[in-house]
Amino acid sequence: MNLLIKSATIVDPNSPFHQQVADLLIKNGTIAKISSNITDDAPVFDAKGKYISPGFFDLNCNIGELGYETKETLETGTRAAASGGFTGLALMPNTQPPVHSKAEIEYLFNRAKNNLVDIYPLGTISHKREGKDMAEMYDMFLSGAKAFTDGNRPVQDAGLMERALLYTQGFKALVFSYPEDTAIAGKAKVNEGEVSTLLGMKGIPSLAEELMIARDLYLAEYTGSKIHFSTLSTARSVELIKEAKKKGLQVTCDVAAHHLVLTDDELKGFDSNYKVKPPLRIQKDVDALIKGLKDNTIDAIVSQHTPHEIEFKDVEFEVAEYGNIGLQTTLSLAIRAGLDLELIVKKLAINPRKILEVEIATIAEGQKANLVIFDADADWEYSKANNQSKSGNSPFIGQNLKGRVLLTVNNNQQFKLKAL
C-alpha cells in the first residue's frame with residue numbers, strides 16, 4: 001500500500017515530529033519519509049487541519065467468536081474497530097467455549113490473519129471461567145496469550161488469584177482483575193444511590209469494587225506481582241490505585257470511555273443501553289476518573305465493546321444484558337470528557353501497548369505505518385447506517401458526536417470512512 005498524507009498535524013509524544021505539521025509518504029506499508037512538501041505519484045490523502053497519531057489499542061473488547069457469532073464476528077468487530085481508529089484489540093475470553101486453552105488462542109490468531117487490526121486474545125485465569133481451578137495459562141502463553149483474565153467474571157477465590165499471580169511470574173505474563181465482590185454486589189443492577197432509590201431498584205455499592213481492588217492490591221504486594229485492573233468506576237478506586245503506585249506496586253488500570261461522560265441519571269428512562277457493568281456512577285466518580293487520567297493514576301481508556309442481539313437488550317431493564325458497543329465512539333467520548341489530544345493518544349495508543357508489552361507504534365521514518373487520522377473538531381451523527389458493528393446496542397446511536405476518525409492504516413492496509 002502506497003499513500004501520501006499531506007499536511008497532517010502529528011500527535012505522538014514518542015515521535016521526533018510530535019506537534020509538527022508534515023507530509024508522510026507511506027511505501028509498501030512503511031513510513032518512508034516525513035517532511036514538508038513531499039511529491040510522489042502515490043495516492044494523496046489531504047489531512048490539512050487533521051491529526052495523525054499511532055493507531056489506537058483497546059485493552060477490553062468483546063467479540064462473539066467463539067460461540068457468540070450472532071453478537072459479533074471477527075469481520076464485523078474489526079471493521080468497527082478500524083472505523084473507530086483501533087489497530088489493535090485485546091479480546092476478552094467471554095466466549096463459549098471460553099478462551100481457556102491453547103486451542104482457542106491459536107484458533108483466534110488463525111482467524112485474524114491478514115487483518116488490518118492486530119488481535120491479541122486474552123486467556124482465562126480459571127478453567128471455563130468457573131473460578132475454581134487454574135486454566136492452562138503457560139500453554140496459552142506459549143501460543144501467544146499476553147495476559148490472563150476471567151473477563152466479566154471476577155475471581156472471588158483469593159487463593160486462586162494468589163496462585164495465578166505467583167504462577168504467571170514464571171513467564172512474566174500479566175493478570176487482569178475485574179474488581180467486583182459478588183457477595184456485596186449481589187443481584188443488583190445499578191449503582192447504589194439516589195437514583196436506585198428513586199427507581200426502586202437494588203443498588204450495587206461502590207464498596208463491591210473497592211473491596212476487591214484492596215484485596216488484589218494486597219495480593220500483588222504479597223506476591224511481588226504485577227496486576228492490571230479493568231474498568232475502574234469509583235472515586236475511591238482511583239485513590240486506592242494512586243496509593244498503591246506511590247508505594248511502588250506494579251499496578252496499572254483502565255477506565256471505560258462511557259464512564260467518563262455518563263452518570264446514573266441516564267437510567268431514569270430505563271434505557272437498557274445504559275445498563276453496563278460496572279454500573280454508571282455519580283458525577284463525583286466521573287470527575288475523579290477524569291482527574292485520574294490527567295494525573296496518570298489511570299493508565300488507559302478502553303471501549304469495553306460488548307455487543308448483544310436485540311432480544312437481549314430490547315427487554316425490561318431488569319432482565320436486559322449488561323454492556324454496549326463502543327469501538328466507534330471511544331475517541332468522541334474522550335474528547336467530550338475534556339481530555340487534550342496528547343493525553344488521549346497516550347491513553348488510547350501508547351499506554352495500552354506498554355501494559356500488554358507489545359510493540360509501540362510510532363510516527364517515524366522507517367517504522368511500520370500503524371496510524372489513524374482524525375478530525376478532532378468534526379461533528380458527526382452516529383447512526384444505524386454508519387454503525388459497523390453487527391449489533392446496535394449503543395445509547396449514542398442517533399446522537400451528534402464530536403471527533404471523527406477519517407482513515408486507519410495498519411498491516412499494509414487502509415480503512416477509509418465514507419463521507420457522511
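Which residues in helix 4 meet which residues in helix 7? I worked on a predicted model, in which local features need pLDDT of at least 70, side-chain atom pairs count only at pLDDT 80 or more, and totals for chains, interfaces and linings use all residues. Residues are numbered from 1 along each chain as its sequence is written, and side-chain values use heavy atoms, without hydrogens and water.

**Helix pair.** I found A158, M161, E162, L165, L166 and Q169 of helix 4 meeting R215, D216, L219, A220, Y222 and T223 of helix 7 (contact means heavy atoms within 4.5 Å; helices are DSSP runs of H or I with at least four residues, strands runs of E with at least two, numbered from the N terminus). I sorted the residues of this contact into seven nonpolar, two polar and three charged (Ala, Val, Leu, Ile, Met, Phe, Trp, Tyr, Cys and Pro are nonpolar, Asp, Glu, Lys and Arg charged, the others, Gly among them, polar).

I then looked up the geometry: helix 4 (residues 158–169) and helix 7 (residues 207–223) pack at about 40°, with axes 10 Å apart (axes are lines fitted to C-alpha atoms, for helices over the stretch in contact; angles run from 0 to 180 degrees between N-to-C directions).

I noted an open sheet of three strands in the order 6-7-8, with parallel pairing (a pair needs at least two DSSP bridges). Strand 6 (56–61) and strand 8 (118–121) are at the edges with a single partner strand each, so one side of each has no neighbour in the sheet. I traced four bridges between strand 7 (residues 86–91) and strand 8; G88 has D118 in strand 8 as its bridge partner. Helix 1 (residues 74–83) packs on the sheet, touching strand 7 and strand 8, and its direction makes about 130° with that of strand 7.
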